[in-house]
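Biologist: Hi! I'm new to this one, could you walk me through it?

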Amino acid sequence: AVVSTQSTGGHQLCRVDLRKGIFLSSALLVRGDVQVSDVRRNIDKLSENTRFIYWNRDGWKTGLCGVAPIKQQYSVLSLSNNTAIRYTFEGLRERFRKLYTRRAHLHHYLNVDGMDGEQVEAAYESLNNQIAFYDQMESAQPLDVARPRVM
């Protein structure tokens with residue numbers, strides 16, 4: 001099972017429960033002596049328990065490299081865009097807001113050449129926009145549009 005452990009929490013860059021969100025896309029980069037059919041079979045197994053957004057049900061991209069990493073038979077790198085990151089961003093926003101209202105540590109950033117309070121505000125607004133985007137994607141529903149009939 002080359003790919004079956006790709007969504008376990010022990011090997012993630014940031015702690016996110018991927019089961020709480022919807023995948024917008026996912027890329028698997030496989031290195032080593034691995035057959036395409038093995039990767040495909042494991043992707044099919046993962047797809048059974050993975051929720052993708054309605055407009056990208058087959059949102060897997062796969063890259064294969066026949067050269068294994070040093071001292072390893074194979075490796076798999078998964079890069080995924082999942083709406084569950086929204087919860088991490090919300091925690092970050094809350095911690096930032098608490099510090100920013102007290103102006104704590106702000107002088108470290110404002111003493112940097114070219115950095116001012118407006119850029120801090122813009123970063124906060126950008127984070128809010130990203131949270132809103134992921135919230136919108138999580139609640140997105142397919143449009144109920146009548147299909148034209150072929151006569």
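Predicted model: local features only at pLDDT ≥ 70, side-chain atom pairs only at ≥ 80, totals over all residues.

Biologist: Thanks! What is the radius of gyration of the chain?

Modeller: The chain has 21 Å, while a compact globule of 151 residues would be near 15 Å. If you draw a box around the C-alpha atoms along the principal axes, it comes to roughly 60 × 55 × 25 Å.

Biologist: And what share of the residues is buried?

Modeller: Buried residues account for 25% of the 151 in the chain.

Biologist: OK, switching to charges. How many salt bridges does a search of the whole structure find?

Modeller: The search turns up seven of them. As background, side chains of opposite charge can pair when their charged atoms come close.

Biologist: Can you give me an example? Which residue does D17 form a salt bridge with?

Modeller: D17 pairs with R19, and their closest N and O atoms are 2.9 Å apart.

Biologist: Are those two buried or exposed?

Modeller: R19 counts as exposed, at 71% relative accessibility. D17 is partly exposed, with a relative accessible area of 29%.

Biologist: Now helix α2. Which residue meets E90 in a salt bridge?

Modeller: That would be R86, at 3.7 Å from N to O. Helix α2 covers residues 85–101, and E90 and R86 are about one helical turn from each other because they sit four residues apart in that helix.

Biologist: Is R86 buried or exposed?

Modeller: R86 is buried, since its relative accessible area is 9% and the cut-off for buried is under 20%. E90 is partly exposed, at 26% relative accessibility.

Biologist: Which residues are linked with R86 and E90 in a network of salt bridges?

Modeller: D135 and E138 join them, so the network is made of R86, E90, D135 and E138.

Biologist: Nice. On to the surface: where do negative charges gather in a patch?

Modeller: Look for D116, E118, E121 and E125, which make up a patch of negative charge on the surface. One of them, E121, lies in helix α4, which spans residues 117–138. E121 is partly exposed, with 39% relative accessible area.

Biologist: What about nonpolar residues? Which ones make a nonpolar surface patch?

Modeller: Y109, L110, V112 and M115 make one of about 340 Å².

Biologist: Where is V112 found?

Modeller: V112 sits in the loop between α3, residues 106–110, and α4.

Biologist: And is V112 buried or partly exposed?

Modeller: V112 counts as partly exposed, at 45% relative accessibility. Patch members need over 30% relative accessible area, so V112 clears that cut-off with its 45%.

Methods: Residues numbered from 1 in each chain as written. Heavy atoms only, no water. Patch = residues over 30% accessible without salt bridge, like charges linked within 9 Å, V, L, I, M, F, W, Y side chains within 5 Å. Areas by Shrake-Rupley, 256 points an atom, 1.4 Å probe, with all protein chains shown as cover. Salt bridge = Lys/Arg side-chain N within 4 Å of Asp/Glu carboxyl O. Lys, Arg positive; Asp, Glu negative; His and termini not counted. Charge placed at Lys NZ, Arg CZ, Asp CG, Glu CD. Helix = DSSP H or I, 4+ residues; strand = E, 2+ residues; numbered from the N terminus. Buried < 20%, exposed > 50% of the residue type's maximum accessible area, 1.4 Å probe, protein only. Rg over C-alpha atoms; globule rule 2.2 N^0.38 Å.
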